[in-house]
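Look through the sequence and structure, then read the points below.

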Amino acid sequence: GTFVSFPKINHNFMQTLESFNEQMDRVGSVPKTEVLELKKIKASEVIASKLGLGKGEPVVYLYRRRFADNEPIVLQKTYLSCKKCGFILDCDFTKDSLYKSLARTNQTKVVRVQRIVEVDEATNEDAENLEIATTGFNVFGEVIEFSLARYRGDRSRFEVSANI
């Protein structure tokens, strides 16, 4: 039989600081976000170390499924310090951008990110995804956000450019 595949979405956000919605708009796709969970939890040892917190300190946990043209593209888990970013619990992330919401003050505005791309073995739930770890920093160099994103490998392509 014949299989028709849609073109892959070129994710070149590795070298820019833009939201998922801005990226989808730029490539001509219609973005949509489904919030799977938004709650306060206790930081695990790994998350606490990523955010510069103590194990068990309260963090905001935001779990989203992101779509391009009504097709699920990425699962994204975001962790933020409750002390600095507790107001995020009152946001509607089906409409609001995380980075725009965080931009309320210099204390929470993300001005620099570090992204790490790692190929990960697919789980039954994910089926051929990439894991992207993002750490967001404010103007004072403090960690504000830590996110893990799992992208569909059949619909995503990543582009990285570097100046030497």
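F93 is in contact (heavy atoms within 4.5 Å) with T33, V35, L38, L62, R64, I88, L98 and S101, leaving aside neighbours within four places in sequence. This is a predicted model: local features need pLDDT of at least 70, side-chain atom pairs count only at pLDDT 80 or more, and totals for chains, interfaces and linings use all residues. Residues are numbered from 1 along each chain as its sequence is written, and side-chain values use heavy atoms, with hydrogens and water left out.

**The largest core**
- F93 belongs to the largest nonpolar core, which has 13 residues.
- A nonpolar core is a set of buried (under 20% relative accessible area, 1.4 Å probe, protein chains only) Ala, Val, Leu, Ile, Met, Phe, Trp, Tyr and Cys residues joined through side-chain atoms within 4.5 Å.
- Those with the most contacts inside this core include L80, C85 and I144.
- β3 (58-68), α3 (82-85) and α4 (98-102) each supply at least two of its residues.
- Helices (H or I, at least four residues) and strands (E, at least two) are DSSP runs, numbered from the N terminus.
- α4 gives the most, with 3 residues.

**The second core**
- A separate core of 12 residues includes A43, I47, L53 and A133.
- L53 sits in the loop between α2 (45-51) and β3.
- L53 touches A48, V59 and S81, not counting residues up to four places away in sequence.
- L53 and A43 are 10 residues apart in sequence, and their C-alpha atoms are 8.0 Å apart in space.

Key:
Buried < 20%, exposed > 50% of the residue type's maximum accessible area, 1.4 Å probe, protein only.
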